[in-house]
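Me: I have a structure open and would like to go through it with you. Could we take the charged pairs to begin with, and then the pockets?

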Amino acid sequence: MALLPILRYPDSRLHTVAKPVSTVDARIKTLIADMLQTMYEAKGIGLAATQVDVHERLIVMDVSEERDQAIILINPQLVWTSAETHLNEEGCLSVPGIYDGVERFDAVTVSALDEHGTSRVLQAEDLLAVCIQHEMDHLMGKVFVEYLSPLKRNRIKKKMIKAQREEAQ
Ligand code: NI
């Protein structure tokens with residue numbers, strides 16, 4: 001296993017639209033293991049392949065307290081969304097230290113392949129539902145700050161650029 005570097009906003013590669021995974025082979029299994037390790041190390045609850053500069057439709061998540069209930073979604077598709085939506089405070093490993101409200105469906109049903117290449121349907125609500133929507137956005141090249149006002153987004157962009165410049169020194 002290996003820790004993977006996480007792309008940081010406003011890196012333009014975060015806006016790449018991911019392609020479907022063609023086969024769940026050894027390469028994908030290694031990528032899943034590396035992404036899980038990277039997500040746990042960074043204390044995140046979700047990571048999309050886009051964030052580690054791999055532009056294929058793959059997400060890893062774990063919203064459990066014990067950090068022992070990994071969920072892997074390959075080629076996820078939303079098949080149902082609730083009528084109700086809610087404003088949720090979100091953060092992102094690609095936008096460290098920034099948290100803000102995004103309107104999301106309360107519940108979703110997603111169909112996907114799991115890490116064995118088996119099709120599954122997952123019904124999710126609350127935090128897991130929010131996480132799925134956030135991570136699926138990454139696969140479409142969308143970062144959560146793009147839901148915020150241009151003013152807020154520009155402020156975040158400047159803050160991120162400044163932080164990365166300081167770290168590089
Ligand atoms: Ni994110």
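Me: How many salt bridges does the count come to?
Reply: This is a predicted model, and the count comes to 8 salt bridges. As background, side chains of opposite charge can pair when their charged atoms come close.

Me: Which residue forms a salt bridge with Arg8?
Reply: Arg8 pairs with Glu167, and their closest N and O atoms are 3.2 Å apart.

Me: Is Glu167 buried or exposed?
Reply: Glu167 counts as exposed, because its relative accessibility is 53% and the cut-off for exposed is over 50%.

Me: What about Arg13, which residue does it form a salt bridge with?
Reply: The partner of Arg13 is Asp53, with 3.3 Å between the closest N and O atoms. This pair also links distant parts of the chain, 40 residues apart: Arg13 is in the segment before helix 1, and Asp53 is in the loop between strand 1 (46-48) and strand 2 (58-61). Arg13 has a relative accessible area of 38%, so it is partly exposed. Asp53, at 32% relative accessibility, is likewise partly exposed.

Me: Which residues are linked with Arg13 in a network of salt bridges?
Reply: Asp11 and Asp53 are linked with Arg13 in such a network.

Me: Back to helix 3: where do Glu166 and Lys162 lie in it, relative to each other?
Reply: Glu166 and Lys162 are 4 residues apart in helix 3, which is about one turn of the helix. Their side chains meet in a salt bridge of 3.4 Å, N to O. Glu166 is partly exposed, with a relative accessible area of 48%, and Lys162 is partly exposed at 47% relative accessibility.

Me: New topic: what volume does the largest pocket have?
Reply: Its volume is about 360 Å³. The lining has 21 residues, and those closest to the centre of the pocket are Ile45, Glu90, Gly91, Cys92 and Leu93.

Note on methods. Residues are numbered from 1 along each chain as its sequence is written. This is a predicted model: local features need pLDDT of at least 70, side-chain atom pairs count only at pLDDT 80 or more; totals for chains, interfaces and linings use all residues. Side-chain values use heavy atoms; hydrogens and water are left out. On a 1 Å grid over the protein atoms alone, a cavity is a set of points where a 1.4 Å probe fits but cannot get out, and a pocket is an open set with protein on both sides within 12 Å along at least five of seven lines; lining residues have an atom within 4 Å of a point. Grid points are joined across faces, edges and corners, and a volume is the space filled by probe spheres set on the points. A salt bridge is a side-chain nitrogen of Lys or Arg within 4 Å of a carboxyl oxygen of Asp or Glu. Buried means under 20% relative accessible area, exposed over 50%, partly exposed in between (1.4 Å probe, protein chains only). Helices (H or I, at least four residues) and strands (E, at least two) are DSSP runs, numbered from the N terminus.
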